[in-house]
Amino acid sequence: MKQIVLTADATCGVDAKVGDHIPAGRRIGVQTETGKPLIAPQSGAVSEIIFDPDRHEFRIVIDVV
Amino acid sequence: MKQTTPSAIALGFLSILLVASAANAQTNFQYETPKDSKDYIGFYEPSPDITPYPNPAGVKNVILLIGDGLGHNQITAARLVAAGPDGKLHMERIATASSITTHAANAKITDSAAAGTALACGIKTNNGMIGMDPDGKRYQTILQAAKHKGMSTGIAVTCEVTHATPAAFTAHVKSRSSEARIAPQLLEQTDVILGGGRRYFLPADAGGRQPEGVDLIKKAVDSGYTYASDAAGLNAARAPRLLGLFQNAALETIPPEPDLAELTAKAIEILSANPHGFFLMVEGSQIDWACHNNNIRQTIRQTLLFDKAVKVAVDFALRDRSTLILVTSDHETGGLSIKNWDPETRKLDVAWSTGGHTGVPVPLYALGPGARRFRGQLDNTDVPKHIAALLGIDDFPKPLD
């Protein structure tokens with residue numbers, strides 16, 4: 001199974017939860033350094049959301065459909 | 001209804017029942033705290049007295065304690081579990097209580113960098129920026145202003161000492177992620193530095209992240225700091241300047257590592273030797289992290305570890321009578337709400353609205369000389385301005401460029 005990992009600034013949280021199906025193009029958070037919307041590049045199911053306190057980011061793991 | 005004593009509540013904590021369900025982006029948790037446990041918050045002694053602490057006059061020292069991510073409901077959850085609905089946390093015994101708004105220059109929801117800069121420099125900046133305004137103009141922090149006045153200065157945190165909040169009091173960088181650039185700035189005007197983050201002080205060949213072979217621990221020792229890496233080293237330290245880095249990354253907040261209350265006590269012991277006074281910033285850094293994980297058990301534990309440090313600071317202030325204590329937060333995290341607390345079943349029902357930060361005002365408690373200045377609805381930028389005024393520091397906020 002192909003997975004992609006995206007990182008979102010933790011300040012704004014993640015607009016998805018584990019188990020959600022995310023269509024390509026949906027906004028799922030905010031990019032850390034730029035503050036721009038974080039857009040899912042491919043469709044898939046969210047399998048993990050992990051908080052990284054060091055970088056103050058969420059790592060979002062998506063199983064690509 | 002059966003009465004529940006604070007001590008019985010503090011002992012009841014072993015079995016945790018978390019039932020999560022999601023609806024409309026809200027997550028509900030049920031949290032059970034049976035009566036026969038003491039392992040998880042056994043370190044915490046609820047106050048047997050709930051009368052307000054007294055306020056003396058004349059500011060010599062300032063201790064600013066920041067609970068990262070700490071909102072009113074995190075405090076409420078901790079109180080219910082540790083002290084009961086009629087008890088009080090130590091911070092809640094501080095009579096002057098108000099709240100502060102927290103927005104950043106470029107966002108209604110702040111991060112710790114912008115909020116830390118507001119609390120340290122008295123200015124709004126963009127999320128991610130440390131010690132400078134949105135145009136990149138550096139501003140003097142209240143810690144640096146205190147040092148310039150002849151006071152001793154310190155920080156004690158449970159995160160890496162280069163993380164956003166301590167950085168905001170000691171450094172000036174455009175991005176909070178520039179921690180290798182923040183580390184040398186910490187050593188410029190901070191006499192006591194206690195927390196995690198050893199890796200940002202060591203060169204790459206020693207497993208660190210300092211470029212070009214720079215060893216900032218060696219540099220610190222060469223310039224007069226005592227270096228401590230464990231509790232024994234911390235206890236033995238007597239020098240006027242102390243660098244204590246107890247983990248490569250953030251603190252683990254479990255023994256044998258010294259806890260935040262011990263770090264606070266040591267910082268006060270060293271800094272209070274200066275007859276001209278001191279400024280100390282203490283941060284309970286990991287309340288925020290627990291809330292990002294929507295973990296109520298850790299949220300309560302980290303809040304109580306922070307409150308234990310508050311008690312150390314308050315006890316010193318009550319003896320010293322010339323120390324201003326401020327307890328506040330940079331922002332609330334998680335959108336925590338309390339749905340129910342059943343003292344008989346010991347179940348705490350909570351809900352989280354987000355895994356991120358929220359824009360609600362956060363608590364501010366003030367104790368000691370000048371405390372009355374902190375009444376009413378304030379903004380986070382007001383906090384260092386009032387501190388500066390009480391310390392007789394003119395020209396604040398002050399640009400450095």
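1. Helix H2 of chain B, residues 72-82, is largely enclosed by the rest of the structure, because nine of its eleven residues are buried. Helices here are DSSP runs of H or I with at least four residues, strands are runs of E with at least two, and both are numbered from the N terminus. Buried means under 20% relative accessible area, exposed means over 50%, and partly exposed lies in between, with a 1.4 Å probe and protein chains only. The buried residues of H2(B) are B:Gln74, B:Ile75, B:Thr76, B:Ala77, B:Ala78, B:Arg79, B:Leu80, B:Val81 and B:Ala82. After H2(B) comes B:Gly84, which has a positive phi near 85°.

2. A remark on the basis of this note is in order. The model is predicted, so that local features need pLDDT of at least 70 and side-chain atom pairs count only at pLDDT 80 or more, while totals for chains, interfaces and linings use all residues. Residues are numbered from 1 along each chain as its sequence is written, chains are lettered from A and ligands numbered from 1 in the order in which they are written, and side-chain values use heavy atoms, with hydrogens and water left out.

3. The interface of chain A and chain B involves eleven residues from chain A and 22 residues from chain B, where contact means heavy atoms within 4.5 Å. The two chains bury about 1100 Å² between them, 50% of it on carbon and sulfur atoms. Buried area is the accessible area (1.4 Å probe) that two parts lose on being put together, summed over both. Nine residue pairs, both members at pLDDT 80 or more, are in polar contact between chain A and chain B. A polar contact is a pair of N or O atoms within 3.5 Å; within protein, one must be able to donate a hydrogen and the other to accept it, and residues adjacent in sequence count only if both atoms are side-chain atoms.

4. One salt bridge is found across the interface of chain A and chain B. The term denotes a side-chain nitrogen of Lys or Arg within 4 Å of a carboxyl oxygen of Asp or Glu. A:Asp54 forms a salt bridge with B:Arg199, their closest N and O atoms being 2.9 Å apart. A network of salt bridges links A:Asp54, B:Glu160 and B:Arg199.

5. Over all chains the count comes to 17 salt bridges. One of them joins the side chains of B:Asp379 and B:Lys124, at 3.1 Å from N to O. This pair links distant parts of the chain, 255 residues apart: B:Asp379 is in strand S15 (residues 377-379) of chain B, and B:Lys124 is in the loop between helix H3 (112-121) and helix H4 (142-148) of chain B. B:Asp379 is buried at 12% relative accessibility, and B:Lys124 is partly exposed at 21%.

6. B:Lys147 and B:Asp191 also form a salt bridge, with the closest N and O atoms 2.9 Å apart. Here too distant parts of the chain are linked, 44 residues apart: B:Lys147 belongs to helix H4 of chain B, and B:Asp191 to the loop between helix H6 (179-189) and strand S6 (192-196) of chain B. B:Lys147 is partly exposed at 28% relative accessibility, whereas B:Asp191 is buried at 6%.

7. B:Asp315 forms a salt bridge with B:Lys311, the closest N and O atoms being 2.8 Å apart. Because the two residues are four residues apart in helix H11 (residues 296-320) of chain B, they are separated by about one helical turn. B:Asp315 is partly exposed, with a relative accessible area of 26%, and B:Lys311 is partly exposed at 32%.

8. Three aromatic pairs are counted over all chains. The rings of A:Phe51 and A:Phe58 have centres 5.5 Å apart and planes at 55°, so this pair is tilted. Rings of Phe, Tyr and Trp (its six-membered ring) pair if their centres lie within 6.5 Å; planes under 30 degrees apart count as stacked, over 60 as edge-to-face and the rest as tilted. Both A:Phe51 and A:Phe58 are buried. B:Phe169 and B:Phe279 form a stacked pair, 6.2 Å centre to centre with 25° between the planes. B:Phe169 lies in helix H5 of chain B and B:Phe279 in strand S9 (residues 278-284) of chain B, so the pair ties together parts that are 110 residues apart in sequence.

9. B:Thr170 lies in helix H5 (residues 164-170) of chain B and is buried, with a relative accessible area of 2%. A polar atom of the B:Thr170 side chain lies 2.9 Å from the backbone oxygen of B:Pro166.
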